[in-house]
Amino acid sequence: MNDDELDRRLHEYGARWRTQQAPPPEPLLRTHHVPRWVPVAAAAAAVVLIAVGVAVAVNRPHNTAAPIQPGPTPSPTPSGVDLTGTVPWVDRPAPGYTPPATVSPTPPASDARACTSSDVTLSSGGLDGATGHLAHYILFKNVSASTCVLKGYPDVVATEPGQPDFVVRHGSWFPDSSTQNLAPGESANLALETQSICTADPGGGGSGPTYHHVEITFPGGGRKSFASGPLDAKCGIAETQFYVEGAGSSPDVHDPLSDLKLSLELPAYAEPGKPLWYVVDVTNPLSQPISLARCPGYFEHANDDTRTLVKSTYGLNCDDTPAISPGQTVRFAMRLDVPASATGRASVSWQLDLPLAVHASGSVTLD
Amino acid sequence: MTVTVVGGGVTATDDSHAADFTAWVRPHLPAMAALATRLTSYDDRDDVVQEALVRAWRRWSTYDENRGAPLPWLLAITADRARRRRRRPQLVVTDVAVESSTVDVDLERAIAQLTDRQQLAVNLYYFVGLDIAGTAAAMKCSTGTVKSTLSDARARLRGLLGDES
C-alpha cells in the first residue's frame, strides 16, 4: 500500500466513521441549578450541562392506518402545552429529501451522443457523509475517441452472491448538479446513497443486507459491473443523476426551508409511560412565503439521564399548510411516547431533515 | 439557523450571556464529540465534551476571534480534557457508536500505536474532517508541521499495516 492509497483509505474510513456517530449531546442551560460536577466556587455561574449519552434506542413503528390526531384539544394545564390551533400530528414516514427546483442561467451543452458502456471506465470517487446519509461516488471517464454525454438516471441494481438483487431508487438526498458533454478524458459523477437512520430502522445501528457490486445499465446502451464499497441496503439505496462537477448550477443550491426558524413548546413535566404532547413553532423570517410543497421530514431525539428514549424520523403534516407566510409562525403538534422506565430529566431535540439542519431543543422533567 | 430553548422551566433568556455561549458552541458540538470519541472512547465522549464546555465557558472571555476561529480553540480544549482522562482501549470495536462490522480493525489497531501527537493529527484531519489549516490551528502549530506529522503517521501506519493481507 503506497502513501496515496493509505491516504484514501483513511479519508474513506474517516468519512464512514463520521456518519455512524450518534448525534452529539445537547447543551442545556440551567441558570438556577448547580450540577454535581461543578466546583462550589463556580456554583453561582450559569453552566453548560450536557445530557448524558446514547445507549438504547426505543422506537415506535409508523402506523400506516389513519393519521393519529391529538384528540380533543386539551386545555392548558400547569404541566401541559396548549395545543389549540396547532396542526395535528400525524404518524407518517419521513419522505426522502427533495432539493428545490433550480434554473440554470446558462445550461451547459449536453447534446452530444449518449455515452454507452463501452465509452467509459468506472472508478471509485470516494465517500462523503452527513447526518446519517452516506454517498458512495462513482466516476465515469470518457475513454472513447469522441465526445458523448451521460445524463439522467442509469438503472442500477446492487448484486451480491446468495442475496436477491436490490434495485437502486432514483433520487437522492445528496444534490446533483447539471451534466454536460464529456470530451475524451473528461469524467462525470454518480452518487449511490445509503442511510444509517430511516423509517425502516429509526433507531439507527445495526446493518442490513450488504452489497459489494452494482450493475449499471447506461441510458445510451450497454451495461457495466462495478465493485463498489459495501452498500448497506437496510434503508434502501438511492442514486443521483449523472452530473459533472461545476457544470451548470451550483450543487450548493440554497433551500429556503433552511431559513425557517424553530422553537419548542415543552411542558414542564411529562409522565413516563404516557405520550408527551408538545409543539414545534415554525416561523418564516423572510419577506416572501416559504412553500411546504416539498413537505420535509423531521428527526426527533430524546434522552433521559442515562440513555436514548426516542430516536425517530417522521413526515411533517403539511396537508393543510401549503406555505408559511412572511413572519407567520405555524404551530405543529408533536407526540413523543415516553417509555415507562424513563427517569430524571429528558432532553428533546427536533430538526428538519435538510442538508443544512434546522434544529431546536429543550428539556422536560419526567415525573 | 436559530435555536430557541423554551419550556421545562428552562429558558435561554434567563441568562443571555449563557444563551449566547450555547448558540456559539452548538455548531461545533459534532466535531468536539467526534474528537472526544476518537481520543477516549464512546462511553467517555459526553463527559469529555461536558468538561470541555465548562472549561470553555469559564475561559470564554479570553477567547480572541482575531487569533483564530472558534472550532480549533474548542477542539484544543477538548483534546486537553481528553488527554487528562485518556483511557482509550486499543481497539474501538466495542464502541456503541460504531457498528463492529464496519470497523477497520487493522487500521484502528495501527492508529492506536501512533504517538499521541500523530494520533491527534490523524484524528483531527481524517476523522473530525478538518483541513490542514484547521488541524494546525487546533494543534497550535504550523501547517508544515501538520503535513510532516501526517506524513510520518502514514509512514508508520504503512509499516504497521505491512503484514495485513
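The questions and answers below concern a predicted model.

User: How many helices and strands does chain B have, and in what order do the elements run?
Analyst: The secondary structure of chain B comprises one strand together with eight helices. Read from the N terminus on, the order of the elements is β-α-α-α-α-α-α-α-α.

User: What percentage of the residues of chain B count as buried?
Analyst: Chain B has 165 residues, and among its contacts between residues at least 6 apart in sequence, 62% join residues at least 24 apart. The part of chain B that counts as buried is 44%.

User: How do the residues of the contact of α2(B) with α6(B) divide into nonpolar, polar and charged?
Analyst: On the side of α2(B), the contact involves B:Ala31, B:Ala34, B:Leu35, B:Arg38 and B:Leu39, which meet B:Asn123, B:Leu124, B:Phe127 and B:Val128 of α6(B). Sorted by class, the residues of this contact come to seven nonpolar, one polar and one charged.

User: At what angle do α6(B) and α7(B) pack, and which term describes α6(B) relative to α7(B)?
Analyst: Helix α7 of chain B covers residues 132-139, and its axis lies 9 Å from that of α6(B), with an angle of about 140° between them. Only an angle over 145 degrees would count as roughly antiparallel. The angle of about 140° therefore makes α6(B) oblique to α7(B).

User: Which residues of α7(B) make the contact with α6(B)?
Analyst: From α6(B), the contact draws on B:Leu120, B:Ala121, B:Leu124 and B:Tyr125. Taken over both helices, the residues of the contact of α6(B) with α7(B) divide into six nonpolar, one polar and no charged. Those that α7(B) supplies are B:Thr135, B:Ala138 and B:Met139.

User: In chain A, which residue of β13(A) stands opposite A:Glu193?
Analyst: Strand β10 of chain A, residues 187-195, is mostly covered, with eight of its nine residues buried. β10(A) pairs with strand β13 of chain A, residues 238-239, in the antiparallel sense over two bridges. The residue of β13(A) opposite A:Glu193 is A:Ala238.

Methods. Residues numbered from 1 in each chain as written. Chains lettered and ligands numbered in written order. Predicted model: local features only at pLDDT ≥ 70, side-chain atom pairs only at ≥ 80, totals over all residues. Contact = placed C-beta atoms within 7 Å. Helix = DSSP H or I, 4+ residues; strand = E, 2+ residues; numbered from the N terminus. Nonpolar A, V, L, I, M, F, W, Y, C, P; charged D, E, K, R; others polar. Axes fitted to C-alpha atoms, helices over the stretch in contact; angles between N-to-C directions. Parallel < 35°, antiparallel > 145°, perpendicular 65-115°, else oblique. Buried ≥ 20, exposed ≤ 12 C-beta atoms within 10 Å, placed from the backbone. Pairing = 2+ DSSP bridges.
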